[in-house]
Amino acid sequence: MTMRSILFEWISQVHSGTQMPPASRDVSPDPQDMLFRTYRHVDAYVSRHPVQRAELQLAGVACTLLASGYAADQNLEDDLQLSSWLGLVTDNTCTIGDVKSMIGQVQDVLGFRLCSPTVYTFLRRFLRRTGWTEESFSLANYLIELAALDSAFLAFRPQATAAAAAVLSRQYAAQGVSVKRTPGWKAKLLQYAEVDLQTELARCIATMASLHASKQPELNNFVNRKYLWNTLHSVAKVKPNMPVDASFYVGYMTA
């Protein structure tokens, strides 16, 4: 799990720091959607297929390219832009042939699971129905990125993690994170998320609040550095609320 966290942080830096070559020049994919699809592909693949530590970076690159629309049946060897990008992000430790082979393995192992919704997929759905502002959307994304690197959240379904971030993103109006006043948003969230409040959601919210409190002060955490950017409303500067137990959120969501 330590290696998973290191790999995911590296993947986040790759997605944030380099312009990935799109499989189709006619589309501009959502970078956050690509990031969370990459995370989901990696977790799904390594849970079904043993991966040696030395192959983790290769698997991360292959899953990144799958998330951006590449496939093993493409003629990747002639893609000069892809070759240049690959050499940059891996310091020439992975060849096009290595990556193409790994892409094929991941496709074979995951099959239709490549199209499964991610935490980010659910977050967008929930925020569209419960209301959001640019600041609260950025904070919610910050929280799910922190959660993505923490193996404790593998115990929760992606819709629970997304719903937890939607709840917590509305808790910082006093610190300048504006929210959209949406009547009945709590009931709407519980309805659309289809997660049990007492047995799953409240526990997930409490776990995420504790994670925020423990990780926000870490200056060497890439997710924190990323969300200090002005373009993301510097939400990593938001001081965490005091963590409380799950029972508090049961009362809060039913009040």
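Which residues does UniProt list for "domain: Cyclin-like"? The unreviewed entry gives residues 9-108 and 121-210; UniProt positions follow the numbering used here, feature names are shortened, and annotations may be inferred rather than shown by experiment. The model is predicted, so local features need pLDDT of at least 70 and side-chain atom pairs count only at pLDDT 80 or more, whereas totals for chains, interfaces and linings use all residues. Residues are numbered from 1 along each chain as its sequence is written, and side-chain values use heavy atoms, with hydrogens and water left out.

Over residues 121-210 the chain is 66% helix and 0% strand, with the end C-alpha atoms 23 Å apart. Helices (H or I, at least four residues) and strands (E, at least two) are DSSP runs, numbered from the N terminus. The unreviewed UniProt entry also places "domain: Cyclin C-terminal" at residues 117-241. Over residues 117-241 the chain is 57% helix and 0% strand, and the end C-alpha atoms are 30 Å apart.

Helix α2 (residues 31-48) packs with helix α7 (residues 134-148) at an angle of about 20°, their axes being 12 Å apart. α2 is therefore roughly parallel to α7. Axes are lines fitted to C-alpha atoms, for helices over the stretch in contact, and angles run from 0 to 180 degrees between N-to-C directions; those under 35 degrees count as roughly parallel, over 145 as roughly antiparallel, 65 to 115 as roughly perpendicular and the rest as oblique. The crossing of α2 and α7 is left-handed, meaning that the near helix is turned anticlockwise from the far one by less than a right angle; clockwise gives right-handed. Gln-32, Leu-35, Phe-36 and Tyr-39 of α2 meet Asn-141, Ile-144, Glu-145 and Ala-148 of α7, where contact means heavy atoms within 4.5 Å. By class, this contact of α2 with α7 has 5 nonpolar, 2 polar and 1 charged residues. Ala, Val, Leu, Ile, Met, Phe, Trp, Tyr, Cys and Pro count as nonpolar, Asp, Glu, Lys and Arg as charged, and the others, Gly among them, as polar.

The axes of α2 and helix α5 (residues 96-110) come within 10 Å and cross at roughly 75°, which makes α2 roughly perpendicular to α5. His-41, Ala-44, Tyr-45 and Arg-48 of α2 make the contact with Met-102, Gln-105, Val-106, Val-109 and Leu-110 of α5.

Helix α6 (residues 119-130) and helix α9 (residues 185-193) pack at about 150°, with axes 9 Å apart, in a right-handed crossing.

The structure holds 11 aromatic pairs, counted where ring centres of Phe, Tyr and Trp (its six-membered ring) lie within 6.5 Å; planes under 30 degrees apart are stacked, over 60 edge-to-face and the rest tilted. The rings of Tyr-142 and Tyr-227 have centres 5.3 Å apart and planes at 45°, so the pair is tilted. Because Tyr-142 lies in helix α7 and Tyr-227 in the loop between α11 (222-226) and α12 (246-254), the pair ties together parts that are 85 residues apart in sequence.
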